[in-house]
Amino acid sequence: MTEYAPGQILAHIRSSRPALLPAEQAVAAVFLSHTQKIIELSSQQVAELAGASRTTVVRACQSLGYSGYQQLRVLLARDAGYASPEPRAKAIGAPGMVADAFVQVGNAVTSMAALLDPDAVTGAVQAMAGAGRMLVVGNGLSAPLAADMAARLSAIGRPAESSLDVIGQQIAARLLTPEDVLLIISGSGANSSTLRVAKAALDAHATLVVITAFARSPLSAMADFSLVVGMGDLSFREEVTVTSRIPQTILMEGLIAALTEELGEKAAAAKALALEIISENLDE
């Protein structure tokens, strides 16, 4: 029997929604916007709210991986108990908006890692620790995250390369070997340039690790280890930007900690050398 952890259902719907058919996406939107009262809604009422048919409601539930509307309705009602039912007051002024951003992230922390597969995390960390070469790729808004991750990896004794040039990324990926790892960071999981890099790495039989916000994305389907983290729509308009970067940054921090533990003395020695260099570059 499949177990569904509290908070996982909403996270799964948000992550999977872009891969659904348009009519099914409308149904998913109703699930997300009416979570607090979903237990009171029949499948016909959901269909009317979505502008779809009752059959589409059932099909949407099945596309999401559930047996039907009744199962999903019960699970959504349960998850509603873990969500805050009280709406937040609108932030006023720059200080209020800045403070509200922290509150929104704090309220979403539990759901961020709801789709993170422990086995995938373990496999990814072991693969990265044991790899010969390691390439880290991110394009668009994920590019800064990739550069930061490569630098952090190198600082703990796990040398990693990162390039901003999309052609250079593909060449570097194609030159990898089965002993190497490509780590891709992509919020959407569907960036065309990044997909070409992933294909080049797979052609080289390298291990592919993907950090993304969407479980049902082209990159997730290609990955040996897919690490899915996301954040619900907490009044942020830039869904892909915020949903991806904040949870991904936290995930990266966790991966660095796990890799430091996995690498043991090698990481400790590298960190000591890095701190020595940093101290030499600090002015009084």
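First, the ground rules. The model is predicted: local features need pLDDT of at least 70, side-chain atom pairs count only at pLDDT 80 or more, and totals for chains, interfaces and linings use all residues. Residues are numbered from 1 along each chain as its sequence is written, and side-chain values use heavy atoms, with hydrogens and water left out.

Strands here are DSSP runs of E with at least two residues; helices are runs of H or I with at least four; both are numbered from the N terminus. Two strands pair if DSSP finds at least two bridges between them.

Now look at strand 1, residues 134-137. Its partner strand 3, residues 181-185, runs parallel to it over 4 bridges. There, Val136 has Leu183 as its bridge partner. Strand 2, residues 161-162, is joined to strand 1 by 2 bridges, again parallel. In that pairing, Leu135 meets Glu161. From strand 1 the chain passes through helix 8 (residues 143-155) to strand 2, a right-handed β-α-β crossover. Right-handed means that, with the strands pointing away from the viewer, the path from the first strand over the helix to the second runs clockwise.

Which way do the side chains of strand 1 point? Met134 and Val136 go one way, Leu135 and Val137 the other, and all are buried. Buried means under 20% relative accessible area (1.4 Å probe, protein chains only).

Next, the aromatic rings. The count is 1 pair, where ring centres must lie within 6.5 Å and planes under 30 degrees apart count as stacked. Why is the pair of Phe31 and Tyr69 called stacked? Their centres are 6.2 Å apart and their planes are at 20°, so stacked it is. Phe31 sits in helix 2 (residues 22-33) and Tyr69 in helix 5 (residues 69-80), 38 residues apart. Phe31 is buried at 0% relative accessibility. Tyr69 is buried too, at 4%.

Last, the surface. Ile167, Ile171 and Leu175 make a nonpolar patch of about 310 Å². Patch residues have over 30% relative accessible area and no salt bridge, with nonpolar side chains joined within 5 Å. A salt bridge is a Lys or Arg side-chain nitrogen within 4 Å of an Asp or Glu carboxyl oxygen. Ile167 belongs to helix 9, residues 166-174.

Note on methods
Patches are made of residues with over 30% relative accessible area and no salt bridge: like charges are joined within 9 Å, nonpolar side chains (Val, Leu, Ile, Met, Phe, Trp, Tyr) within 5 Å. Accessible areas come from the Shrake-Rupley method with a 1.4 Å probe; for residues, only the protein chains shown count as cover. Buried means under 20% relative accessible area, exposed over 50%, partly exposed in between (1.4 Å probe, protein chains only). Rings of Phe, Tyr and Trp (its six-membered ring) pair if their centres lie within 6.5 Å; planes under 30 degrees apart count as stacked, over 60 as edge-to-face and the rest as tilted.
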